[in-house]
Amino acid sequence: MAGGSFAAQGPAGNYEGGITVFVVITCLVAAMGGLLFGYDLGISGGVTSMDDFLLKFFPSVYHKTKEGSIHDSQYCKYADEILTLFTSSLYLAALVASFVASWVTRAYGRKISMFTGGVAFLIGAILNGIAMNVELLIIGRLLLGVGVGFANQSVPVYLSEMAPANVRGALNIGFQMAITIGILVANFVNYGTAQIKAGWGWRVSLALAAVPAILMTVGSFFLPDTPNSIIERGHREEAKRMLQRIRGTEHVDYEFHDLVLASETAKKVEHPWRNILQPRYRPQLVICTLIPFFQQLTGINVIVFYAPVLFKTLGFGANASLMSAAITGVVNVIATLVSVFSVDKFGRRGLFLEGGTQMIICQIAVGVLIGMNFGVTGEGSFSRGEADLLLALICLYVAAFAWSWGPLGWLVPSEICPLEIRSAGQSINVSVNMFFTFIIAQAFLAMLCHMKFGLFFFFAGFVIIMTIFIFFFLPETKNVPIEDMNRVWKAHWFWGKYIPDEAVIGGDPEN
């Protein structure tokens with residue numbers, strides 16, 4: 001892909017230039033923000049299933065898992081509010097940090113926001129690695145959350161603004177690809193550190209989060225800022241030179257004209273948070289709110305956060321549960337690659353609809369399988385064949401998410417907002433995502449205890465609703481330049497009534 005050159009086609013015209021090695025390298029470095037997010041997503045579930053970690057910080061949970069009778073409910077073995085707070089506190093901090101990150105990203109540029117996130121994540125990783133009590137553990141998690149909030153605010157926007165329109169989906173999904181690689185690495189790290197008999201393996205798992213943090217912090221020093229951001233801060237000549245560099249051609253007048261026009265429109269907006277509430281931005285407000293909400297209600301973070309705990313709850317051995325989580329991590333990476341190579345060919349809607357349908361089938365099947373074996377009492381076990389079937393269904397579910405709602409949940413909100421509300425829109429996307437990530441992470445073990453196998457039907461019901469929403473309310477945005485996105489909304493059967501005629505960018509750079 002780096003070796004070719006493509007023209008960015010859009011309804012407004014034909015931008016010259018295309019993808020360059022420079023763009024690919026900068027996007028790979030920026031996507032390190034996804035690596036640190038993914039590593040933390042994957043590491044917490046494995047650590048909370050390790051006996052040494054539980055014995056040191058959560059002894060009541062440890063004794064419940066070891067000393068419970070065979071008549072105790074399997075669903076409730078790990079239900080503990082402080083244990084879930086260890087996982088969920090990160091996302092509460094990310095929620096708060098995303099609002100600060102919105103202002104930093106707009107005022108100082110995307111790379112400064114990425115650097116700030118990397119530093120916060122690095123400090124949090126160090127504190128987690130040396131923690132001697134629950135309080136320091138939670139403080140470290142909160143700092144990790146600050147890093148995640150800044151990274152998730154800036155990286156998707158950075159990738160969308162650097163990429164040519166016709167490969168924007170593939171390059172932006174580099175962020176999700178990095179997340180899945182981070183999860184996979186974390187799963188195998190957990191499997192390896194669980195074999196350490198001295199009792200400090202969990203420290204290695206938590207402290208190694210410093211590696212992606214260092215990569216992102218150092219990498220942000222060398223990243224250029226996007227032409228959009230440079231124009232936004234008033235340096236047009238510098239922005240044009242950067243646009244020429246990233247497109248690999250001197251002939252960027254049409255695209256530069258649209259960027260400047262979008263920036264001039266944005267400068268007239270003094271209060272992006274107030275303006276995003278205006279009717280003309282109703283499509284962006286609704287999509288940037290509901291897409292991240294629905295993404296979390298797919299139930300994916302039940303698997304990502306708690307896969308080892310879930311597998312142990314259902315009778316898998318300690319090593320088997322960690323290896324099963326690692327297998328789902330491999331599937332996650334491979335399926336995300338499917339999205340990278342298909343999103344700009346088949347479009348966003350097709351992947352959303354197929355992925356949603358597959359997730360519905362898998363979740364219902366998992367609920368039925370668990371219900372048949374454990375019932376409402378939580379007493380039971382899986383045969384070897386049933387355990388393999390459960391793992392296969394979960395892998396199919398993870399694959400469907402990984403080529404649909406996983407990457408597209410970040411891509412679509414980052415590409416639909418005009419410059420004047422882009423930071424506010426992305427901040428809404430991140431904050432809604434983090435808020436409901438926090439809710440699911442904090443509530444899952446209690447929900448599993450009370451709703452039992454019905455929990456999977458609960459998530460399947462939400463996937464049905466969100467798939468219907470995509471079918472009716474999300475237009476196709478592939479190959480559309482960001483600055484021309486209002487043309488798509490204007491042509492939509494429902495959203496068109498909110499878009500005024502003057503909001504559709506057009507014209508010639510010479511006029």
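Predicted model: local features only at pLDDT ≥ 70, side-chain atom pairs only at ≥ 80, totals over all residues.
**A covered helix**

Start with helix α2, which runs over residues 32-47. Its 16 residues stretch 22 Å from the first C-alpha to the last, close to the 22 Å expected at 1.5 Å a residue. Now look at how much of α2 is tucked away: 15 of its 16 residues are buried.

**Two helices side by side**

Next up are helix α6 (residues 110-130) and helix α7 (residues 134-162), whose axes come within 7 Å and cross at roughly 155°. Angles over 145 degrees count as roughly antiparallel, so that is the label α6 and α7 get. The crossing of α6 and α7 is left-handed. What kinds of residues make up the contact of α6 with α7? They divide into 18 nonpolar, eight polar and three charged.

**A pair of rings**

The structure holds 29 aromatic pairs, and one of them is Phe473 with Phe494. Their ring centres sit 5.3 Å apart and their planes meet at 85°, so this pair is edge-to-face.

| Residue | Where it lies | Relative accessible area |
|---|---|---|
| Phe473 | helix α22 (residues 454-473) | 23% |
| Phe494 | segment after α23 (485-491) | 21% |

Because of those positions, the pair ties together parts that are 21 residues apart in sequence.

How values were computed
Residues numbered from 1 in each chain as written. Heavy atoms only, no water. Helix = DSSP H or I, 4+ residues; strand = E, 2+ residues; numbered from the N terminus. Expected span 1.5 Å × (residues − 1). Buried < 20%, exposed > 50% of the residue type's maximum accessible area, 1.4 Å probe, protein only. Axes fitted to C-alpha atoms, helices over the stretch in contact; angles between N-to-C directions. Parallel < 35°, antiparallel > 145°, perpendicular 65-115°, else oblique. Left-handed = near helix turned anticlockwise from the far one by under 90°. Nonpolar A, V, L, I, M, F, W, Y, C, P; charged D, E, K, R; others polar. Phe/Tyr/Trp six-rings, centres within 6.5 Å; stacked < 30°, edge-to-face > 60°.
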